[in-house]
Number of protein chains: 2
Amino acid sequence: MYKLYDFLPSGNGYKVRLLLTQLQIPFTRIEVNILNNESRTPEFLTKNPNGKIPVLEISPNQYLTESNAILFYLSQNTSYFPNNNFEQAQVMQWLFFEQYSHEPNIATSRYWISILGKEREYKQQLKQKKILGYAALNVMEKHLQTQDFFVGKTYTIADIGLYAYTHVAEEGGFSLTEFSYIKRWLNRIENQPRYIGISNF
Amino acid sequence: MYKLYDFLPSGNGYKVRLLLTQLQIPFTRIEVNILNNESRTPEFLTKNPNGKIPVLEISPNQYLTESNAILFYLSQNTSYFPNNNFEQAQVMQWLFFEQYSHEPNIATSRYWISILGKEREYKQQLKQKKILGYAALNVMEKHLQTQDFFVGKTYTIADIGLYAYTHVAEEGGFSLTEFSYIKRWLNRIENQPRYIGISNF
């Protein structure tokens, strides 16, 4: 059985929990409290030398890290990953967009404000994150004006990857009020079979 | 014929140039000077609403963005992408590591110091980038102690992705002197068939 090293408030961990649940794959969840540096212990670093969750233990001593690489692995030959080459590459494009242009701004703002409670301490850095985070949301909003899902006509891991931190963007100080297409898309995700919420464990 | 919207000093652009050349796929390179905001014009934003290079034009009005997604697309069914599922996922893992833990620190430092010439202006931010960039280099060094290439036993797009900004890390103020495994790996990459340098166009 898969073991998932995870931290409940983490959107990156949630992506993997959500897909495993939707695929009906049983797994054991192991909570790693990153606030106590539990992802930096010598033992954890043997699993992921980069010191981050989530980590998927596929079999003893066989680990996979990076949430979106785990989504890629689990979704192969399922309906959550497209069949054709170009659509597969588009899924990867949106997952790289997520990790480069979205997560470092929206997830990091949420981490500082709602998880660490240090909005004041990070005030200066949050200004720049706000500009870049809204830029990412605008790219998503524009794309969703003509598409129900990010790639092709169905729900894929591109949607899971982007949903994770978008649906809690307000915890990072981002208002979704003006993003009507994003809001309808969030709703579409929440109506997928076997959907679970971020705290549902 | 493919068109590549590119910026010569960009490591992200270079990844794609290098793979296309090694695959012996002809392409037209179109220089987009990001320093003059040429990637933010209304016309360019129709190709990539996120305003970044590289962009691969596969056919008229069919664009792919995100350097590592382009590597994924071009390498399918070639020796530059592994056959088995787990190794494919490991390639993606290293490419996400590159975009999240490596590029924002090493490439951004190089951009501020060597491309914009604004080391002094970014002095404060560079301190944090230095810590995180060296952390990424340490993860790579450790991995290369037991592996000639990042995944499996052969050269893949994981190596191309990580090579692009590692081999110019010194332009970002990172010394590779102590990284003997990385240095040997850089040399291994430079000895691959049809290798070209970053300014070779």
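Predicted model: local features only at pLDDT ≥ 70, side-chain atom pairs only at ≥ 80, totals over all residues.
1. Asp6(A) is buried, with a relative accessible area of 0%. Arg17(A) belongs to helix H1 (residues 11-22) of chain A and Asp6(A) to strand S1 (residues 2-6) of chain A, so the pair ties together parts that are 11 residues apart in sequence.

2. A second salt bridge in chain A joins Asp148(A) to Arg188(A), with 3.8 Å between the closest N and O atoms. It links distant parts of the chain, 40 residues apart: Asp148(A) sits in the loop between helix H5 (123-144) and helix H6 (157-166), and Arg188(A) in helix H7 (residues 180-190). Asp148(A) is partly exposed, with a relative accessible area of 46%. Arg188(A) is also partly exposed, at 24%.

3. In chain B, Arg188(B) and Asp148(B) meet in a salt bridge, at 3.8 Å from N to O. Here Arg188(B) lies in helix H7 (residues 180-190) of chain B, and Asp148(B) in the loop between helices H5 (123-144) and H6 (157-166), so the pair ties together parts 40 residues apart in sequence. Arg188(B) is partly exposed, with a relative accessible area of 24%, and Asp148(B) is partly exposed with 47%. As for networks, salt bridges that share partners join Asp6(A), Arg17(A), Arg29(A) and Glu31(A) into one.

4. Over all chains the structure holds 14 salt bridges, but the count between chain B and chain A is 0. Polar contacts do cross the interface: 6 residue pairs are found, with both residues at pLDDT 80 or more.

5. The contact between the chains takes 33 residues from chain A and 32 residues from chain B. About 2900 Å² is buried between them, and carbon and sulfur atoms give 68% of that area. On the chain B side, the residues that lose the most area to chain A are Phe86(B), Phe96(B) and Tyr100(B), which together make up 25% of what that side buries.

6. Which elements of chain B each supply at least two residues of the side that touches chain A? They are strand S4 (62-65), helix H3 (67-75) and helix H4 (85-115). H4(B) gives the most, with 15 residues. By type, the residues of this side divide into 17 nonpolar, 12 polar and 3 charged.

7. Chain B can be laid on chain A with an RMSD of 0.0 Å, by a turn of 180° and a shift of 0.0 Å along the axis. The two copies are therefore related as by a two-fold rotation axis. Within chain B, the C-alpha nearest the axis is that of Tyr100(B), at 3.1 Å. The same surface serves both copies, since 100% of the contact residues of chain B recur in chain A.

8. Helix H3(B) deserves a separate remark. Of its 9 residues, 9 are buried, so the helix is largely enclosed by the rest of the structure. Among the buried residues are Ile70(B), Leu71(B), Phe72(B) and Leu74(B), and also Ser67(B), Asn68(B) and Ser75(B). H3(B) is followed by Asn77(B), which has a positive phi, near 60°.

Note on methods:
Residues numbered from 1 in each chain as written. Chains lettered and ligands numbered in written order. Heavy atoms only, no water. Contact = heavy atoms within 4.5 Å. Buried area = accessible area lost by both parts, 1.4 Å probe. Salt bridge = Lys/Arg side-chain N within 4 Å of Asp/Glu carboxyl O. Polar contact = N/O pair within 3.5 Å; in protein donor to acceptor, adjacent residues only side chain to side chain. Helix = DSSP H or I, 4+ residues; strand = E, 2+ residues; numbered from the N terminus. Nonpolar A, V, L, I, M, F, W, Y, C, P; charged D, E, K, R; others polar. Least-squares fit on C-alpha atoms with pLDDT ≥ 70 in both. Buried < 20%, exposed > 50% of the residue type's maximum accessible area, 1.4 Å probe, protein only.
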